[in-house]
Structure formats: C-alpha cells, structure tokens
Amino acid sequence: MSEIKCTHSCSDCSRLGCRSASEDQYPPFCLTTNVDRELLDETLEIYRNDELQGRIARTSACIEGEFYGRLTRVEETIEFIRRMGFKKIGIASCVGLMRETSIFARILKASGIDYFTVGCKVGAVDKTEIGVPNEKKLNGGCGHESMCNPIMQAKTLAANGCDFNIVIGLCVGHDTLFLHHSKVPTTVMIVKDRVLQHNPAAALYGAQSMYSRFKNLNL
C-alpha cells in the first residue's frame, strides 16, 4: 500500500463529484482520481467477504435509501437494530443525560428490544485516583468528585452480553476511550455540547457570523 500524500483533501472540495462518479467534476487533488487501487480493492473485499461488516454496510445503505430525510436518528437506530437482529443493546450514557437516556430506554422497551444501561460515573472513583489534580476538579477540590469511567462502561456492557452499543453524551475523550474498548459494533446517538444544547453543528453553522467565537480566524 502506497502512502497518500496530498496538500488538499475532501474538505477543500466544493464539487463533490464522487457522489455520482462525475469525473469531469473531480478537482486536480481529488482523492478518487488519485485513489490507491490496492487500498480500494482491499476495502471492497472487506465489505464483500466479512459477514458482519458487509451486513452493517448493506443494512445502513438500505435504511438510507428507504427512509432518507423521513426518520429521526432514534427511529433509524431502532430500525437498524431490528434489521441486524441484535439481541441486547448496551447504552453508555453520561449521567448528565440520564433523563434523555431513560426516555430512549423506554422507547426500546416499548419496541420489544432488550437493553442494559451504564452511567459514566460507575464505580464512583475520585478523579485523584487517576492523577487528576484537585484544582482541576469542577468542585475545585472541595471533596469527592467521581471520575468518568468509560473503560468500565465498556467492560460492564460486555459482561452483560450486549451485542450492540450506543453512546449517549459522553465527553470528548471519554467517548474515545469507550469506542476503543467496546468489543461490539457501536454507534453514537448524542454527542455532548453543554454550551449548545448538545448540538455541536450549531458552532459550525454560525462560525462566520459576527457572534462567532471563531471570527478572528478569518474563515
């Protein structure tokens, strides 16, 4: 496999000709035009020959084709669970979004889908136990403050036999650790953004406005 060296990438493209294989629309730096054929063939073989990964890809594409713009992400997730035949759903939730998680859990139950939830503070271990200084705690070091424990979340869900995991609201970095340790296919339902009501895309939509925190970057 050859190393891909580009000064530009897909985020620099305004044509998106790859959506319909429109070669006349490919920019000079297009990753499709300059694709590593060996790498592309290698990835296609995974879709074709790996039973689980191929099924995930085909199921996702079919749901997209049938319900594009008509189902919410919650509905798409339930449809995906049913079509994939997952038996027990693991939910790794931030304790700060447990209300949202509880609503989703009730929807799963009403849909006849088994689940198991574990919150991020499981174990109630003080942050200093892993080297976080007292002054870096939210409470400024005034007593116990439980650490987020995404590795324990992943291990707990595995121990409870979950075959598909869903992340709800884990912090940046904590979600990284959970995804790294999750032993089964995983999706993200909600990403945390305390400032923007858990809608991080809003920062991008308003990035060039006069109120943007990024206005000094000359976007």
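Trainee: Where does Cys-30 lie, and is this residue buried or exposed?

Mentor: Helices (H or I, at least four residues) and strands (E, at least two) are DSSP runs, numbered from the N terminus. Cys-30 lies in the segment before α1 (37-49). Buried means under 20% relative accessible area, exposed over 50%, and partly exposed in between (1.4 Å probe, protein chains only). With 9% relative accessibility, Cys-30 counts as buried. Keep in mind that this is a predicted model: local features need pLDDT of at least 70, side-chain atom pairs count only at pLDDT 80 or more, and totals for chains, interfaces and linings use all residues. Residues are numbered from 1 along each chain as its sequence is written, and side-chain values use heavy atoms, with hydrogens and water left out.

Trainee: Which residues touch the most other members of the largest nonpolar core?

Mentor: A nonpolar core is a set of buried Ala, Val, Leu, Ile, Met, Phe, Trp, Tyr and Cys residues joined through side-chain atoms within 4.5 Å. Here the largest one has 28 residues, and Ile-81, Ile-89, Leu-108 and Ile-166 touch the most other members. Elements that each supply at least two residues of this core include α3 (73-84), β1 (88-93) and β3 (164-168).

Trainee: What about phi in Ala-21 and Gln-197?

Mentor: Most residues other than glycine have a negative phi. Ala-21, in the segment before α1, has a positive phi near 55 degrees. Gln-197 also has a positive phi, of about 55 degrees, and sits in the loop between β4 (186-190) and α7 (201-205). Ala-21 is exposed at 56% relative accessible area, and Gln-197 is exposed at 66% relative accessibility.
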